[in-house]
Amino acid sequence: MALQLFKIETVEVASPVTSVSFSNIPQGYTDLKVVVSSRGALTQVYDTLWMQFNNLTPNYSPTTPTIRLIQGSGSSVSSSAFAGLQTLQNGANATASSFGTADFYITNYTGNTFKSISVDAATETNGATAYTNLMAALWSDTSAVTSITLFPASGSTITTNSTFTLYGVL
Amino acid sequence: MAIRSLKTGTFTRSGMAGNPVIMPGSYESIATVTANGTSQSLTFSSIPQTYTHLEIRGISQASYSSNDYGAIGVRLNSDTGSNYTRHVIRGNGSTVPVNGLTSTTFAECGDGAYLNTGSTVGASVISVLDYTNTNKYTTVRGLSGVDNNGIGAIAMGSGLWLNTAAITSLTIFQQNANFTDKTTFALYGIA
């Protein structure tokens, strides 16, 4: 049986925006998947893209790791733990027309337990250095996920032609 | 009201009252290819342009006489030129090799092939996002792994095709040897 994946909403950025949101998320699925192809205006090769649930300030302290990352850069590998659900997106100094890609998978999003999230992402550019990331995260909140917001950590904008799609998974 | 397939355009099933509730999904099988032992590559051609993203899932084995694992590469629209970048991170149980290259001839999708005959196969899941979007270079991302009870690796690879053309064909290949007939890849369209 094919994966039971159902598109809920797609946002295609037509002009630069400071954030992208999915609101009033239907509560009838089991898991959620967010597929991202994005680029930001920060004048660096990469920028950090944060994900926030229910418009809440993340309810964890910087001393409590909630995300664990393994990352390859093309020449080195690193592993770290930190707070804040995030991924990388291409910045303005990445190769023109290149966009970072990421899949966020949010399990049991309507349940009354903490939410486990996995992320796999790549920020390809025409250079020897580019990042491939695998992340595991925990949102320490028993609330159902009713909205998701993505925004650059730098405060810059998300550029035109970036796309964000929310899927429900049965 | 009938349900219309994104792939074929044909109508199936009825949504009239009294019939079972139908929820059209966003993940649809497009094609499946199986190797016959005579080639190092498999191609999906004439890919419908009606989806948003593509996903390829497969198992693979190559007839290379070693007890090892090998990379799965992807080429787009039959482009065999040096028009790709690729990067990979892998773990083999003892080390974490990484690699990054520009001006290469394929996008990296990780170590999804077992390099020998027998019962072991590798597994791969490959994503191609926004494949019809002509404002973007195409990024390919793969997660794969092989384990042969001692030899094995898990890898995540990615690649950038430096071309904004819509993807109409996709070729999966293995560098070391021909795919055996235990190799199958399935292409899915995601709305």
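## Around B:S60

B:S60 touches B:I72, B:G112, B:A113, B:Y114, B:V121, B:G122, B:F179, B:T183 and B:F185, leaving aside residues up to four places away in sequence. Contact here means heavy atoms within 4.5 Å. This is a predicted model: local features need pLDDT of at least 70, side-chain atom pairs count only at pLDDT 80 or more, and totals for chains, interfaces and linings use all residues. Side-chain values use heavy atoms, without hydrogens and water.

B:S60 sits in strand β5 of chain B, residues 53-62. Strands are DSSP runs of E, at least two residues, numbered from the N terminus. B:S60 is buried, at 1% relative accessible area. Buried means under 20% (1.4 Å probe, protein chains only). A polar atom of the B:S60 side chain lies 2.6 Å from the backbone oxygen of B:G112.

## The second largest cavity

The structure has three cavities of 30 Å³ or more. A cavity is a set of points on a 1 Å grid over the protein atoms alone, where a 1.4 Å probe fits but cannot get out; lining residues have an atom within 4 Å of a point.

β3 (31-38) of chain A and β5 of chain B each supply at least two lining residues. β5(B) gives the most, with three. By class, five lining residues are nonpolar, two polar and three charged.

Methods. Residues are numbered from 1 along each chain as its sequence is written. Chains are lettered from A and ligands numbered from 1 in the order in which they are written. Helices (H or I, at least four residues) and strands (E, at least two) are DSSP runs, numbered from the N terminus. Buried means under 20% relative accessible area, exposed over 50%, partly exposed in between (1.4 Å probe, protein chains only). A polar contact is a pair of N or O atoms within 3.5 Å; within protein, one must be able to donate a hydrogen and the other to accept it, and residues adjacent in sequence count only if both atoms are side-chain atoms. On a 1 Å grid over the protein atoms alone, a cavity is a set of points where a 1.4 Å probe fits but cannot get out, and a pocket is an open set with protein on both sides within 12 Å along at least five of seven lines; lining residues have an atom within 4 Å of a point. Grid points are joined across faces, edges and corners, and a volume is the space filled by probe spheres set on the points. Ala, Val, Leu, Ile, Met, Phe, Trp, Tyr, Cys and Pro count as nonpolar, Asp, Glu, Lys and Arg as charged, and the others, Gly among them, as polar.
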